[in-house]
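Please open the model in a viewer and keep the sequence panel at hand.

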Amino acid sequence: RVIPGYQQALFAPEQLQQLYQQHYRITARFDRMGCQLAGAAITPPPQQLVSEGICYGAIQIPPSGQPIILLADRQTVGGYHKPGSCLRLDLDALAQRPPGTDLRMRAISAAAAVVASRQALQQFWQTTAQPA
């Protein structure tokens, strides 16, 4: 699941549609810094960006057009375009997938992300609560 970011407006609508409709494959270029995907290339916007802080799960689109999902040991700043960020709840599962795994991204709203996070937290507490 992907929470669209403010830079999504810089991408052509057909590029965003492609990002969310195509299947991508996790490549061997996968470590604690990031997970590079292979699939239909996304054309990055032509605007130059100033380097800025990068969050855990940010999806960068480098000049190659192959998305990179940034993980725990990512760099702290960067200047590639970012259409959004993966929902934190999904990143642990992603980090455990082997190269060659197919995945598909789905855009969700910030409100849906909050609901999913609350449900996951509630489920966690229900399964770990010990009777008094």
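Begin by selecting residues 23-30, strand β2, together with residues 102-104, strand β9: in this predicted model the two strands pair in the antiparallel sense over three bridges. Within this pairing, display Arg-25, which stands opposite Asp-102 in β9.

β2 and β3 form a hairpin, with three residues between them.

**The largest pocket**

Next, turn to the largest pocket, which holds about 260 Å³ of space. Its lining comprises 15 residues, and those closest to the pocket centre are Arg-1, Asp-90, Leu-94, Leu-103 and Arg-104. Select α2 (88-95) and β9, the elements that each give two or more residues to this lining. Which element provides the largest share of the lining of the largest pocket? That element is α2, with four residues. Colouring the lining of the largest pocket by residue class gives nine nonpolar, one polar and five charged residues.

**The second largest pocket**

Now move to the second largest pocket, with a volume of about 180 Å³. To display its lining, select Arg-29, Phe-30, Asp-31, Met-33, Gly-34, Cys-35, Gln-36, Gln-60, Ile-68, Leu-70, Gln-75 and Tyr-80. At least two residues of this lining come from each of β2, β3 and β6 (68-70). The largest share, three residues, is supplied by β3. When the lining of the second largest pocket is coloured by class, six residues are nonpolar, four polar and two charged.

Is Pro-83 buried or exposed? Its relative accessibility is 1%, and Pro-83 therefore counts as buried, since the cut-off for buried is under 20%.

Which residues are in contact with Pro-83, leaving aside its neighbours within four places in sequence? Display Pro-4, Gly-5, Gln-8, Phe-11, Leu-16, Leu-19, Ile-59 and Ile-61 to see these contacts. Finally, draw a distance between the C-alpha atoms of Pro-83 and Leu-16: the two residues are 67 apart in sequence, and the C-alpha to C-alpha distance is 7.8 Å.

Notes: Residues numbered from 1 in each chain as written. Predicted model: local features only at pLDDT ≥ 70, side-chain atom pairs only at ≥ 80, totals over all residues. Heavy atoms only, no water. Pairing = 2+ DSSP bridges. 1 Å grid on protein atoms, 1.4 Å probe; cavity = no way out; pocket = protein on both sides within 12 Å on 5 of 7 lines; lining within 4 Å. Points joined across faces, edges and corners; volume = space filled by probe spheres on them. Nonpolar A, V, L, I, M, F, W, Y, C, P; charged D, E, K, R; others polar. Buried < 20%, exposed > 50% of the residue type's maximum accessible area, 1.4 Å probe, protein only. Contact = heavy atoms within 4.5 Å.
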